[in-house]
Amino acid sequence: MSITGIERMKKYGLLIIGLLLTGCAGYRTGYVNVSGGGQLYYEESGRGEPVLLLHGHSLDRRMWDEQWRPLSKHFRVVRPDFRGYGRSSEQREDLPMTHVDDVLVLMDSLHIHKAHVIGLSMGAFVAGDMLAMYPERMLTCVMASGGIRNSKGPSEPMDSAESSKRDKEIAALKEKGVERMKEEWLEQLMSSGGSQRERMRRPLIRMIREWSAWQPLHKEVRLFYGKEAWHHLKERTQNERLDVPTLFLRGANELKGKRTNPAEMRYLGHAQFLVIDDCGHMLNMEQPETFNRVVLQFIQNH
């Protein structure tokens, strides 16, 4: 559904908070209200302990298609579209927000106190924010192709120099053209892949083509806690390491031989680091069987 379609549904009063049954046992879809009048779309399937699947930039919940059924056999799986992606409402330049706080609203709306949180790339940034800022909401944490960002957080809004730089970047992008930018981005996601990378080309093309590309064309607010999350993590663990079981996953091709432990592991009491060979950035789409086996084993062990 397009953003226009969502607005049409709003007009006729068909958007609701909660669950919309779709006729398939155990499968539900819905929207929840978030700050600034926004709407977050999600899909849910299965029963048991909750698992949240957090997608990457330019993509949406569908990047988890090959995890959806395998995980739903064992868990209550929820996959949202972040604000600005998929069927959720767009972001706004004038509305302070973070993705992790939107996820907490979703969890509260679905009466989920704690969850196994799995994020990849941008989704791993969000999972990292939750690990540092709200560890009490996590059963386990899986961060694939990403971790806590080393970027300015909400307490440091954009200054005039950064705003001017963004103006130039946006103008350059408009001159290049959004479609060309999307093509280059697709090839960047594909480039680190291994022998199975072509299996993900078609779904990536579909999601990237349908992506609104709002983010590179606007001045985003601070969507991640970033450096604030790092500070919070270090403060929390001055006397004792954080005890949320955490798994870091990376593709060997993207690491280019540098297999050093993620810096976050210094502050975690129960952390593992695993590298998947013959694989790049989009681990779950390129090697779904391996990804599913590793993640299922990790969650079930904890």
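How many nonpolar, polar and charged residues does the lining of the largest pocket have, by class?

First, the ground rules. This is a predicted model, where local features need pLDDT of at least 70, side-chain atom pairs count only at pLDDT 80 or more, and totals for chains, interfaces and linings use all residues. Residues are numbered from 1 along each chain as its sequence is written, and side-chain values use heavy atoms, with hydrogens and water left out.

To the question, then. The lining has nine nonpolar, five polar and eight charged residues. Here Ala, Val, Leu, Ile, Met, Phe, Trp, Tyr, Cys and Pro count as nonpolar, Asp, Glu, Lys and Arg as charged, and the others, Gly among them, as polar. The volume of this pocket is about 620 Å³. Its lining is made of 22 residues, and R149, E220, V221, L223 and F224 are the closest to the centre. Two elements give two or more residues to that lining: helix 4 (122–133) and helix 5 (160–176). Helix 5 gives the most, four residues. Helices (H or I, at least four residues) and strands (E, at least two) are DSSP runs, numbered from the N terminus.

A word on the method. On a 1 Å grid over the protein atoms alone, a pocket is an open set of points with protein on both sides within 12 Å along at least five of seven lines, while a cavity is a set where a 1.4 Å probe fits but cannot get out; lining residues have an atom within 4 Å of a point. Points are joined across faces, edges and corners, and a volume is the space filled by probe spheres set on them.

There is one cavity of 30 Å³ or more. The largest cavity holds about 40 Å³ of space. Its lining consists of G56, H57, L59, L120, S121, W185, L189, H281 and M282. By class, that is five nonpolar, four polar and no charged.

Next, the interior. Setting aside residues up to four places away in sequence, L204 touches L59, L186, L189, M190 and M285; contact means heavy atoms within 4.5 Å.

Helix 3 spans residues 99–109, and its buried residues are H99, V100, D102, V103, L104, L106 and M107. Buried means under 20% relative accessible area, exposed over 50%, and partly exposed in between, with a 1.4 Å probe and protein chains only. The cover over these residues includes strand 2 (27–34), strand 6 (115–120) and helix 4. After helix 3 comes H111, with a positive phi near 60 degrees.

Now the cysteines. With a disulfide taken as a pair of cysteine sulfur atoms within 2.5 Å, the count is zero. For C141, the nearest cysteine sulfur is that of C279, 19 Å away. That distance is too far for a bond. C141 is buried because its relative accessibility is 0%, and C279 is buried at 0% as well.

Last, E254, which sits in helix 9 (residues 252–255). At 33% relative accessibility, E254 is partly exposed. Neighbours within four places aside, E254 is in contact with S145, S192, C279 and H281.
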